[in-house]
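Have the viewer open and follow along.

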Amino acid sequence: MKHDLIDSSDITENDDIIDVRSPSEYSLDHIPGAINLPVLNDDERQLVGWTYKNESAFKAKKIGASLVAKNIAHHIDTTLSLKTENWSPVIYCWRGGKRSGSMSLIFRNIGWRARQLAGGYKSFRRHVVTEISTLSPALSYIVICGLTGTAKTDLIEAIQSQGGQTLNLEALAHHRGSLLGYDPHSAQPSQKNFETQIWRRIKQFEIKKPVFIESESKKIGDLRVPEELINTVRQGTCVNIQVNLNARTNYLKETYDHLVKNPSLLTSQLEKLRSRHGNRIIESWLDLITNNQWDKLVQDLLKKHYDPSYIKSMSTNFKHMSQAKEYSLDTILPDTVRSLANKILADHTTNLKTKE
């Protein structure tokens with residue numbers, strides 16, 4: 001029935017949302033806030049598909065119907081046992097077809113006003129892509145720039161803690177954005193989930209307020225920043241963070257302490273740069289690791305790899321980098337980072353009010 005269907009744009013933060021897809025589908029991406037109550041788990045879905053392809057559609061549907069009924073009954077008796085008569089969940093599957101339709105039908109017969117997402121997850125995915133494309137160019141960006149080790153990510157977090165609008169792409173990507181920037185404690189999300197988290201963040205922003213964001217490349221680890229977003233960010237107002245080499249070195253040793261404690265991981269990553277820098281330089285870096293000469297290693301990596309790459313990227317890709325206002329940090333400590341974040345936030349909030 002049409003009045004029991006709902007569009008992606010009509011879902012609210014207050015809705016109870018049920019994703020009836022298999023756990024593997026759910027883990028790749030899902031509507032924020034949705035719980036996973038699969039009507040077919042991964043093995044069961046594979047069984048139904050195999051039967052459909054190799055035996056008959058009738059047998060597959062019969063097996064599927066039995067499994068779906070059993071699984072829905074289990075959810076009703078357990079997770080949903082305390083739901084009251086006026087409950088009105090939103091239910092979706094991959095395309096808004098049989099899986100979500102089956103649960104919706106049973107729920108309505110119980111008396112719950114189940115609403116089925118028209119088009120399922122696929123329609124939600126189209127909604128996310130479209131909204132990123134339209135919302136990204138409508139925002140004004142203050143781009144936090146600076147060489148590797150200038151605590152740009154820390155500044156973004158400090159600005160957010162002081163009430164600024166921030167888009168921390170590295171946090172969403174679970175990656176610090178460089179060759180050595182992977183998070184040892186957390187795998188990167190799927191590309192679709194990365195974009196869903198970006199969409200969830202930017203749709204909450206106030207258009208009239210600036211968004212503070214770190215200068216990023218098109219890729220963060222294995223993930224791609226949506227084209228409309230990165231293109232607009234690169235037209236934003238830049239600020240340039242200046243930090244002396246010794247402070248950057250100490251900061252990077254602390255930030256990448258997991259590599260210092262596990263040199264084999266660092267060695268394997270540096271090997272990927274052999275074709276770029278040649279055997280002599282790579283071997284000199286490996287010798288520094290062997291001899292625990294961490295300060296010298298960090299500074300050599302900065303001078304020969306990170307700094308030249310960053311300077312070239314910024315001059316090529318960020319339109320207003322040459323006009324960037326400079327801010328300096330003598331030391332990278334929580335108090336100094338908070339103080340600088342407060343100054344940057346105040347400066348650019350004042351500038352915005354003056355323009356208005």
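Start with Asp300: at 17% relative accessibility, this residue counts as buried, because buried means under 20% relative accessible area, with exposed being over 50% and partly exposed in between (1.4 Å probe, protein chains only). Keep in mind that this is a predicted model, where local features need pLDDT of at least 70, side-chain atom pairs count only at pLDDT 80 or more, and totals for chains, interfaces and linings use all residues. Residues are numbered from 1 along each chain as its sequence is written, and side-chain values use heavy atoms, leaving out hydrogens and water.

So what does Asp300 pair up with in a salt bridge? Its partner is Lys304, at 3.2 Å from N to O. A salt bridge here is a side-chain nitrogen of Lys or Arg within 4 Å of a carboxyl oxygen of Asp or Glu. Both residues sit in helix 15 (residues 294–317), four residues apart, or about one turn of the helix. Helices are DSSP runs (H or I, at least four residues), numbered from the N terminus.

Another links Lys209 and Glu206 at 3.5 Å, N to O. Here Lys209 is partly exposed at 40% relative accessible area, and Glu206 is partly exposed too, at 45%. Elsewhere, Glu25, Arg45 and Arg99 are tied together in a network of salt bridges.

Arg95, Lys122, Arg126 and Lys192 gather in a patch of positive charge on the surface. To join a patch, a residue needs over 30% relative accessible area and no salt bridge, and like charges are joined within 9 Å. The place of a charge is taken as NZ for Lys and CZ for Arg. Lys192 belongs to helix 8 (residues 191–202) and is partly exposed, at 36% relative accessibility.

Last stop, His75, in helix 3 (residues 57–77). Is His75 buried or exposed? It counts as buried, at 9% relative accessibility. Not counting residues up to four places away in sequence, His75 touches Leu37, Pro38, Leu80 and Met103, where contact means heavy atoms within 4.5 Å.

Key:
Patch = residues over 30% accessible without salt bridge, like charges linked within 9 Å, V, L, I, M, F, W, Y side chains within 5 Å. Areas by Shrake-Rupley, 256 points an atom, 1.4 Å probe, with all protein chains shown as cover. Lys, Arg positive; Asp, Glu negative; His and termini not counted. Helix = DSSP H or I, 4+ residues; strand = E, 2+ residues; numbered from the N terminus.
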